[in-house]
Amino acid sequence: MNLLTLNPISSCNLSCEHCPNKEWTYPIDDNEHNRLNNEIIFNWMAKYTNPYEWFLEISGGEPGLYPGISELVQELSRLGYYGIIRTNGTLPIPKTDTFIRLAGWHKQTSLATPPLYCDYMLITRNPKDCWQDKAQYCQDNNIQYKCIEYKRFGDEDFVDADDSGEYKSKFNTFFTHWTIIGSSGVQGYCYASWGEDKDNICNMSPPLMKEMTQSCPTCAGTLGLLDFMDDSLRQKLAVRRDRYVYHNSVSEK
């Protein structure tokens with residue numbers, strides 16, 4: 001299964017001190033960085049990303065700020081795509097049968113105002129935040145959640161998630177290839193490697209494919225997604241993909 005990470009907007013309505021993307025957030029009306037629209041996205045995906053072979057991660061920025069988020073999610077679901085939406089849960093994002101809305105319950109949102117638009121809560125063990133109370137709230141209200149280690153980038157006084165041992169015994173055995181699309185349309189092989197201006201989906205350039213299972217089997221970017229994909233979902237996606245490949249191979253003979 002291939003993984004496509006789509007960041008339709010690089011803007012956010014929060015300003016979290018430990019956010020890894022904070023340095024790369026821009027005003028909503030910044031047309032240079034927030035260049036994408038649904039017409040561009042749908043045309044590119046129709047050409048390159050078959051829903052039987054690709055799993056989607058929609059992130060940002062805060063995807064709830066993207067003007068076309070409702071149409072984007074509902075149409076992708078109708079077309080048969082499955083995925084996870086990373087959000088802070090404070091803005092409306094439609095619930096569908098094929099996308100999991102994963103909300104980070106941030107320090108800026110108080111215990112009295114939990115994320116409203118989500119299916120799963122992600123809580124960081126922020127020593128400056130009441131994360132234990134947030135976890136208890138989820139338990140008391142039968143909300144699915146997970147607590148993860150806290151890391152503030154560039155500050156050695158805080159826990160480094162990469163050194164926590166959480167991912168050392170895990171390996172990606174599901175996603176074979178990965179490509180990322182930024183809100184300007186430029187593609188990357190992964191979070192650490194971006195293409196050039198010519199590699200822009202606005203120009204209908206083909207996806208930049210990062211091979212995962214051999215070169216990056218312990219990548220936290222993919223393992224973090226797998227934590228929220230249960231075995232039944234992975235099996236369903238694998239069966240869909242295999243049936244699609246089989247029927248195509250038969251029809252070509």
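Let me start with helix α3, where the cover over its buried residues includes β5 (120–124) and β6 (145–148). Contact here means heavy atoms within 4.5 Å. Before going further: this is a predicted model, in which local features need pLDDT of at least 70, side-chain atom pairs count only at pLDDT 80 or more, and totals for chains, interfaces and linings use all residues. Residues are numbered from 1 along each chain as its sequence is written, and side-chain values use heavy atoms, with hydrogens and water left out.

Back to α3, which covers residues 131–140. Helices (H or I, at least four residues) and strands (E, at least two) are DSSP runs, numbered from the N terminus. Lys134, Ala135 and Cys138 of this helix are buried. Buried means under 20% relative accessible area, exposed over 50%, and partly exposed in between, with a 1.4 Å probe and protein chains only. Seen down the axis of α3, the buried residues fall within an arc of 100°, so they line one face of the helix. The arc is that of the directions from the helix axis to the C-beta atoms. Just after α3, asparagine 142 takes a positive phi of about 55°.

Lysine 134 has a charged partner: it forms a salt bridge with aspartate 129, and the closest N and O atoms are 2.7 Å apart. A salt bridge is a side-chain nitrogen of Lys or Arg within 4 Å of a carboxyl oxygen of Asp or Glu. Lysine 134 is buried at 0% relative accessibility, and aspartate 129 is buried at 15%.

How many salt bridges does a search of the whole structure find? There are 8. In one of them, glutamate 57 pairs with arginine 86, with 2.5 Å between the closest N and O atoms. Glutamate 57 lies in strand β2 and arginine 86 in strand β3 (residues 82–87), so the pair ties together parts that are 29 residues apart in sequence. Glutamate 57 is buried at 0% relative accessibility, whereas arginine 86 is partly exposed at 22%. Aspartate 199 and lysine 198 also meet in a salt bridge, at 3.3 Å from N to O. Here aspartate 199 is buried, at 10%, and lysine 198 is exposed, at 55%. Lys95, Arg101 and Asp119 are linked in a network of salt bridges.

Next, helix α1, residues 38–48, in which Asn38, Ile41, Phe42, Trp44 and Met45 are buried. Viewed down the axis of α1, its buried residues fall within an arc of 170°, so they line one face of the helix. Glu39, Ala46 and Lys47, on the other side, are exposed. Among the elements covering the buried residues of α1 are β1 (2–6), α2 (69–78) and β7 (177–181).

Last, the loop between β1 and α1 holds serine 11. Is serine 11 buried or exposed? Serine 11 is buried, with a relative accessible area of 2%. Its side chain reaches the backbone oxygen of tyrosine 26 at 2.6 Å, and makes a polar contact with the side chain of asparagine 34 at 3.0 Å. A polar contact is a pair of N or O atoms within 3.5 Å; within protein, one must be able to donate a hydrogen and the other to accept it, and residues adjacent in sequence count only if both atoms are side-chain atoms.
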